[in-house]
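Hi everyone, thanks for coming. I'd like to walk you through a structure that may be new to you, so let's bring it up on the screen.

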Amino acid sequence: MKPIQAAITGVQGYVPEYVLSNAELEKMVDTTDEWITSRTGIKERRLLKGEGLGASYMGIQAAKGLLEKTQTDAKEIDMLICATATPDMVFPATANLIAQGIGCTADCLSYDIMAACSGFLFALTTASKFIETGVFKKIIVVGTDKMSSIIDYTDRQTCVIFGDGAGAVLLEANTEGNGLIDHILRSDGAGSEFLYMKAGGSRYPASTQTVANKEHYVTQHGSVVFKHAVKNMADTSYELVQRNGLSADEIAYLVPHQANLRIIDATAERLGLNPNKVLINIQRYGNTTNGTIPLCLWDFESQFKKGDNLVLAAFGGGFTWGAAYLKWAY
Ligand code: COA
């Protein structure tokens, strides 16, 4: 009997309507379109507006669209994992809210994974184990973040980078040799002092002091994060490609986390890939954290052919990072 692999059988994204352009940011902080474009590759990002709308709202839009597109009944979904750094609330899990929002039954196991910007990759590989062992047949993996809820729009170093968005994939068993083939995932808490949101958790619960100190916003030591991201995303992708004996010619596409165009370029260069094999949509959405990889798959879905070798790569707070090798299944 051929081994069961977990294959992506559908992908759907959702981005909010509101566009925050570099021109608008020029009016908000001391920055320029030229600086943002040349240092990050970002031209605009989306922001979710509307009272009471959180990460689950965007996750629901993406997952609902996914069910429609793949003609799947919500009652068939065995599991839903949501990767997010901006859950609606600390609990219940945002995955519970999304599962309910799309009409899943209580038989659908749902929970969140938090691994900052690597969360979607971690969730995808976690979900694949439940498919590979035959425990579950259909799993939805959602990556969704409302980064605008934790960004200080007076901090020019972070507010130009992040945006809001969500994506969702359907995972099903495949015995044709397509699906997730291999992955390398890593995490190192030594990175925790360089990218974090200090307050709002159990160590520093929300207080008037934490609000006054702006501790409910992302704090980032940009250049330190940048150096680690460049090295780790490139090294891990290279290691994965090497151990699977993949030449640059055999890789159809690199699907990288969209944090900074220069980080993506470094990984592509390390793998020896032509620019046309590197999927980039950072100019339109910025860094949507857990949304980047599924949004990228969604944007470029029409280019993929069955059997294409894709390398997914991510880096995020923690630090967390990794790469996954999969064969496209449709
Ligand atoms: N507009 C204009 N100038 C800015 C700016 C902005 N939006 N943000 C920072 N600067 C300034 C800095 O203040 C600094 O000025 P100084 O030299 O007078 O002190 C200068 O630009 C260079 O800052 P530096 O932080 O070294 O820039 P950088 O080239 O590293 O780019 C980031 C900054 C944030 C774009 C970059 O570090 C980065 O992308 N880091 C990783 C981010 C990331 O991936 N985060 C998520 C993890 S998934």
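Which domains does the shell around the ligand draw residues from? Domain 1, residues 5-177, and domain 2, residues 181-327, each give at least three residues to that shell. Please keep in mind that we're looking at a predicted model.

Let's stay with the ligand for a bit. It sits in the second largest pocket. There are 24 residues around the ligand, and the ones that come nearest are Thr-31, Arg-39, Arg-156, Gln-220 and Asn-260. If you sort the shell by class, you get 10 nonpolar, 10 polar and four charged residues.

And which helices and strands are involved? At least two shell residues come from each of α2 (33-40), α6 (156-159), α8 (222-243), α9 (261-271) and β12 (309-316). The biggest giver is α8, with four residues in the shell.

Now let's look at some individual contacts. Thr-31 has a polar side-chain atom 2.6 Å from a nitrogen atom of the ligand. For Gln-220, an N or O atom of the side chain is 2.7 Å from a ligand nitrogen atom. Then there's Arg-262, where a polar side-chain atom lies 3.1 Å from an oxygen atom of the ligand. How much of the ligand does the protein cover? On its own, the ligand has 940 Å² of accessible area, and the protein covers 73% of that.

Start with the peptide bond from Phe-91 to Pro-92: it is cis, with omega near 5°. You'll find Pro-92 in the loop between β4 (79-83) and α4 (94-101). Another cis peptide bond joins Gly-318 and Phe-319, and there omega is about -5°. Phe-319 is in the loop that runs between β12 and β13 (320-327), and β12, you'll remember, is on our list of elements supplying the ligand shell.

One more stop: Gln-71, in the loop between α3 (55-69) and β4. Is its phi positive or negative? Positive, near 50°, and this is a residue other than glycine.

Note on methods:
Residues numbered from 1 in each chain as written. Predicted model: local features only at pLDDT ≥ 70, side-chain atom pairs only at ≥ 80, totals over all residues. Heavy atoms only, no water. Near = heavy atom within 4 Å. Polar contact = N/O pair within 3.5 Å; in protein donor to acceptor, adjacent residues only side chain to side chain. Areas by Shrake-Rupley, 256 points an atom, 1.4 Å probe, with all protein chains shown as cover. 1 Å grid on protein atoms, 1.4 Å probe; cavity = no way out; pocket = protein on both sides within 12 Å on 5 of 7 lines; lining within 4 Å. Sits in = over half its atoms within 2 Å of the grid points. Nonpolar A, V, L, I, M, F, W, Y, C, P; charged D, E, K, R; others polar. Domains from an automatic or database assignment.
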